[in-house]
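I opened the notebook to go through one chain, region by region. The entries follow in the order I looked things up.

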Amino acid sequence: MDQSQDQKSHVGFLWAATFISAMGSLLFGYDTGIVNGSLQFMAKAQQLDLTSFQQGIVSSGLTLGAAFGAIFGEPLADKIGRKRILTILGIIFAVGALGCAFSTSIVVLIIFRFLLGLAVGSASANVPVYIAEIAPSEFRGKMVTTAQVMIVSGQFIAFGVNAALTPLGAGNAAIWRWMLGLGTIPGIILWLGMYLVPESPRWLVSQNKNSKALEVLKKIRSAASVPSEMAEIEAKDKADKEEAAEQASFKELFQTRWVLQILITGAMLGIIQQFAGINSIMYYGGKIIQDSGFNPTVAAILNTGNGLLSVVGAVLGMFTIDWLGRKKLEYSGLVICATTLVIAGIIHSTVPNASWAGITIVILVYIYIIFFQGTLGPVTWLINSEIFPQRFRGIGTGITIFILWIGNFVVGLLSPVLLDWNMSYTFYIFAACCVLGIVFVHIRVPETKGVPLEEIEKYFRSKYDKSYKEDSK
C-alpha cells in the first residue's frame, strides 16, 4: 500500500470513529426533540394525564440533568478516558430510552429523563473533545463540527419519527412509548461502536501511557507522520500539565473583578441565547403549529421543517462565522428573531382565522429557526470559548455552560404554561428578550473575529481593571 492509500485508509477509519462517537451528539438532539410530538399523547387522561406544568417538567427534566452532566462529565472523562466515558454514555442512553418508554408514572418518567439529561450534558462536553483528539489537524475542523451538525440532525430525526408515528396515535395514545423508546437504537450503536474505535492518544499520554498512545497513532496515522505527532502530543501534554497547575480556583475568579465581568458577559450571552426562545419552538413546535390552525398529523409533518432548517442553519453558520464576524451575527440573529416573533404574534392575535394566517406563522417560525441556528446558536459558544484568559478558561466556560443549561431548563419548564396562557404574548416576551440582548451585546461584547486571544484579554483588563495601564487595540 503506497503512502496516499495508507492515508486514505486511516482517514476513512477516523471518519467512521467520528460518526460513531457523534451518536452521542445525535442522541442529544433526538432526546431533546422527541418530546415535541410525544407530549400530546402522554398527556392524555388514559396515559399519564399530564397538566401543562407537568409537561414542562417532563421536557425540562432532561435539560436540568444536562446542566449537571456538562459540569461533571468532562472531569470524569479526564479520569477514566474518552473512550470509556462514551461507552458508558451509550449504555445510559439505551437504558434511559427504555426506561422512558416503559414508565408507568410521571415520577418514573422524570427520573429517566433526568438520567438521559446527565448523558446529554456529558456528551455535549466529551464528544467534541474526543473527536478533536483523534482527528488529523487538516481534518479537525470538519470532524469536530460534525458533532454540532449531528445534534440538529438528531432533532430532525426526532421530528421525522413524530411525523411518522403521530397518525397512529389516533387509535393508540401509547404511541409516545415508541417515540421515546426508539432512542435506544442509536444508544446501542454508540455503546457497541465505541468498542471498535481507538482511545484518544492524547488522553493516554496524559495518563503516562505513552507506549499505548504510540500504538494507537500507528493505527490511525500514516507511518511517516507518527514520530512527529507523538513528539507534539508529548510536548503539549507537558505544557498542559504546567498550565493546569496554574489554573485558577472559584475563589480567585470571584475575587478578580475584571474576570468576574467576563463571567457576567459570558453567562448573559448564554441566557440571551436561551431566552430568545429557540427551545420553546424546538421542544413545543408541534403545539405551536397546532395552535396556528393545523391538525396534529399536519402539524407533525410541518414540524419536521424545524429540524431540517436547523441543519441548514447550522451548516450556514459554519461557513459564515469567520467571514462576517461574531458581533454582526449576534446582532442580525437577535434582530431577525425578534422581528419574526413579533409579526407571528400580531398575526395570531389579530387575524388567527384568516386562511393565510397559519401557514404564514409557520413560515415565520422557519425563518426564525434558520437564522437562530446560523447565528445565536454557534456564536454564543464560540465567544465564550474566546473571552476568558487562559488561567480562568476552564472554570469560566464551565460556569457559563452550566448557566446556559439552566436557562434552557427554565424555558423548557415554563413554555407549555405560557403557550397555554397566550401564544402571542409568549412570542412577545421572547422578542423583548431579543431586544434586551441587542442592547447588552452592543454595550458589553467586543468583536473577536481575527483577534488574538491575548488582545481579547487586554480589552477586558483595560475596560474593567483600574490598575491595568496597558491599552488594548
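**Entry: asparagine 208**

Does asparagine 208 count as buried or exposed? I looked up its relative accessibility, which is 62%, so asparagine 208 counts as exposed. I note that this is a predicted model. Asparagine 208 sits in the loop between helix 10 (201–206) and helix 11 (210–220). I also checked its backbone. Phi is positive, about 65°, although asparagine 208 is not a glycine.

**Entry: aspartate 49**

I turned to another loop residue. Aspartate 49 lies between helix 3 (35–42) and helix 4 (52–80). Its phi is near 55°, again a positive value in a residue other than glycine. How exposed is aspartate 49? Its relative accessible area is 47%, so I log aspartate 49 as partly exposed. The cut-off for exposed is over 50%.

**Entry: the whole chain**

I stepped back to the overall fold. How many helices and strands does the protein have? I find 22 helices and 0 strands. The C-alpha trace spans about 70 × 55 × 40 Å along its principal axes.

Next I checked the radius of gyration. A compact globule with 473 residues would have a value near 23 Å. The protein has 23 Å, so the two agree.

I then looked at burial and surface. Of the 473 residues, 53% count as buried. The accessible surface comes to about 20000 Å². Carbon and sulfur atoms hold 67% of that surface.

**Entry: helix 2**

Serine 25 is found in helix 2 (residues 23–33). Leucine 27 has its place in helix 2 as well.

Serine 25 has a relative accessible area of 3%, so I record serine 25 as buried. What does serine 25 touch, not counting residues up to four places away in sequence? I list Val127, Ala147, Met150 and Ile151.

Leucine 27 is buried too, with a relative accessible area of 0%. I set aside its neighbours within four places in sequence and read off the contacts of leucine 27: Phe93, Val120, Gly183, Pro186 and Gly187. I also took one distance from that list. The C-alpha atoms of leucine 27 and phenylalanine 93 are separated by 7.6 Å, and the two residues are 66 residues apart along the chain.

Threonine 18 is in helix 1 (residues 3–21). Its relative accessibility is 0%, so threonine 18 counts as buried. Residues up to four places away aside, threonine 18 touches Ile131, Met143 and Thr146. I also computed its C-alpha distance to isoleucine 185, which is 18 Å across 167 residues of sequence.

Threonine 87 lies in helix 5 (residues 82–101). Is threonine 87 buried or exposed? At a relative accessible area of 8%, threonine 87 is buried. With neighbours within four places left aside, its contacts are Trp191, Met194 and Tyr195. From threonine 87 to serine 21 the C-alpha distance is 8.9 Å, at 66 residues apart in sequence.

**Entry: phenylalanine 114**

Phenylalanine 114 belongs to helix 6 (residues 106–134). I read 30% relative accessibility, so phenylalanine 114 counts as partly exposed. Which residues does phenylalanine 114 contact, leaving aside its neighbours within four places in sequence? They are Gly61, Leu64 and Gly65.

**Entry: helix 17 against helix 19**

At what angle do helix 17 (residues 326–350) and helix 19 (residues 376–386) pack? The angle is about 145°, and the axes are 9 Å apart. The crossing is left-handed.

I then listed the residues on each side. Helix 17 brings Arg326, Leu329, Glu330, Gly333, Leu334 and Cys337. Helix 19 meets them with Leu376, Val379, Thr380, Leu382, Ile383 and Glu386. I sorted the residues of this contact by type and got 7 nonpolar, 2 polar and 3 charged.

Terms used:
Residues are numbered from 1 along each chain as its sequence is written. This is a predicted model: local features need pLDDT of at least 70, side-chain atom pairs count only at pLDDT 80 or more; totals for chains, interfaces and linings use all residues. Side-chain values use heavy atoms; hydrogens and water are left out. Axes are lines fitted to C-alpha atoms, for helices over the stretch in contact, and angles run from 0 to 180 degrees between N-to-C directions. Helices (H or I, at least four residues) and strands (E, at least two) are DSSP runs, numbered from the N terminus. A crossing is left-handed if the near helix is turned anticlockwise from the far one by less than a right angle, and right-handed if clockwise. Contact means heavy atoms within 4.5 Å. Ala, Val, Leu, Ile, Met, Phe, Trp, Tyr, Cys and Pro count as nonpolar, Asp, Glu, Lys and Arg as charged, and the others, Gly among them, as polar. The radius of gyration is taken over C-alpha atoms; the globule rule is 2.2 Å times the number of residues to the power 0.38. Buried means under 20% relative accessible area, exposed over 50%, partly exposed in between (1.4 Å probe, protein chains only). Accessible areas come from the Shrake-Rupley method with a 1.4 Å probe; for residues, only the protein chains shown count as cover.
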